[in-house]
Every structure is written in structure tokens, then in C-alpha cells.
Amino acid sequence: MPVICAFDKTHLTNFLGDQHAWPLYFTLGNIRKDIRHTPKTCVWILGRLIPCLLKGAKNIDEAWHFTVGTVLSQLTHLDITGPGLKWDCPDGFQRQYYPLLATWVGDYPVQVIIAEVSYGSYPMCEIPKGVMMVHATFRALDNSRDQRIYSELLKDNHIDALHTLDVHPIRKQFWQYPLCNVHRLWQPDEFHPLLLAFVQDLLHWLLKYLKVKNFTDHFDN
């Protein structure tokens, strides 16, 4: 049974005074999309409120990984070859299930923190910065990041090789979850890749074009 997490550092939950936190939500991956996106079904549950560190604090990424690792620690103890866990289903039957971290919904800064790669690089593949993926030499599938290779490089203390691949030379919290590939947790969602990326960039291009053609006032009208 896949587990989906949602976390976004830009969405803060404010309390009294200067206290605020980052909410971490969970849901199950085998729920239909139309049900998941209906607020009244309440299929998302609040797992934890992660305290925000003070601006300028050191080791923010490490503190974040430690906190999330504590929350998800039970997933690391799952024996995927064993009987799994028991689940009381709404139809009255009891079934065996295996909670696996399958997807994480978040924007690019969150992806960078989770994958522990350099900001500006691709969390999913090793394509160099600024290189178009349509080029025949660089394709995302052919240059996919492999956390097993990174783990071996870190074990053998090949720090320079990790830096060349834009990978931070620290052990990743997400390497310990069964059948979890930290570089494949990102699935398309409407908000981040479509509205904040494609539509927003397209709108900026359109406004520049209208300004060059002196059509801005006509467009506004």
C-alpha cells in the first residue's frame, strides 16, 4: 500500500506571536483521484507540525531530515518479505498491508532538500545545469540518479565524485525506506509543474510580447 506525503515550505501554519510550523500530511496511494481531491472526504491527515528554524540557522537541511526521519521511522522497520501489518478495512475485512513511501508532493526547494542535491541541479537525473533534455546526448531516463551508487561513493569516501554530480556528501535519510527511490518520489501535480511553472512562464512571455507590440492596454481592456 503506497503512502503519499505532502509538504511545502511555503505553506506555513501560523500560531500566536512569531510561532509558525510546516505541516506534513499523509494519504494512501490507492485512493481514486476524484475522491482524494474532494475536501469533504478528508483523505489527507495531518501527521506532524514541523517547527520552523530561525532565519540564518545552521544545518537546516540536517535538522529537517532528522525530524522527518523521526516521524517516518516506522517505515524503516518494515520487512517487505514478511507478513506485513494488519489493516481493518471499511468493508469489515482485515487485510495485510505494507506501508511504502511512494510519492512526495512538494515544490522544487523541497525536492532539493529531500534529495540532498545542489540547488539549481535536477533532483531526478544527472543532466548538467543549463543543458536541454531534448538533446540526444542527455535524456532523463539515461541519466537517472542512482542512490545505490551514491551510497557506495559515500562509503568509499569519494567526496569529489559526489560534488561533481551535485550530490551532498551526507547519508540520506530516505535511503533506508524499503523500495523507496528518493529521486523518483516526485509525481506531477497540477499546482507545482503546471500552474506555478508552465502557466506562469507562459503568462510572463505573453505580457512581454504584448508590451513589445503595444497591445498591453488593449489586452487589459
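Helix α4 is followed by Glu 116, a residue with a positive phi, near 55°; helices here are DSSP runs of H or I with at least four residues, strands are E runs of at least two, and both are numbered from the N terminus. This is a predicted model, in which local features need pLDDT of at least 70 and side-chain atom pairs count only at pLDDT 80 or more, while totals for chains, interfaces and linings use all residues. Residues are numbered from 1 along each chain as its sequence is written, and side-chain values use heavy atoms, with hydrogens and water left out.

Helix α4 itself spans residues 108–115 and is mostly covered, with six of its eight residues buried. Buried stands for under 20% relative accessible area, exposed for over 50%, and partly exposed for anything in between (1.4 Å probe, protein chains only). The buried six are Val 110, Gln 111, Val 112, Ile 113, Ile 114 and Ala 115.

That leads to the nonpolar core, meaning a set of buried Ala, Val, Leu, Ile, Met, Phe, Trp, Tyr and Cys residues joined through side-chain atoms within 4.5 Å. The largest such core has 29 residues, and the ones touching the most other members are Trp 64, Leu 72, Leu 101, Trp 104, Ile 114, Phe 174 and Leu 185. Two or more residues each come from β3 (20–28), α2 (60–71), β7 (100–105), α4 and α5 (147–155). Helix α4 gives the largest share, five residues. In soluble globular proteins, nonpolar side chains tend to be buried together. As for Phe 174, setting aside residues up to four places away in sequence, its partners are Trp 64, His 65, Val 68, Leu 101, Trp 104, Ile 114, Cys 180, Val 182 and Leu 185; contact here is heavy atoms within 4.5 Å.

Past α4, in the loop that runs to α5, sits Ser 121. Ser 121 counts as buried because its relative accessibility is 2%. A polar atom of its side chain lies 2.5 Å from the backbone oxygen of Ser 118. Beyond its neighbours within four places in sequence, Ser 121 is in contact with Tyr 108, Lys 129, Arg 145 and Asp 166.

Thr 27, in strand β3, has 5% relative accessibility and so counts as buried. Its side chain makes a polar contact of 3.4 Å with that of Arg 36, and also reaches the backbone oxygen of Val 43 at 3.0 Å. A polar contact is a pair of N or O atoms within 3.5 Å; within protein, one must be able to donate a hydrogen and the other to accept it, and residues adjacent in sequence count only if both atoms are side-chain atoms. Thr 81, by contrast, is in the loop between α3 (73–76) and β5 (85–88), and with 71% relative accessibility it counts as exposed. The side chains of Thr 81 and Asp 79 are joined by a polar contact of 2.7 Å.

Phe 198 lies in helix α7 (residues 190–212).

Overall, the chain has eight helices and seven strands, and buried residues make up 30% of its 221 residues.
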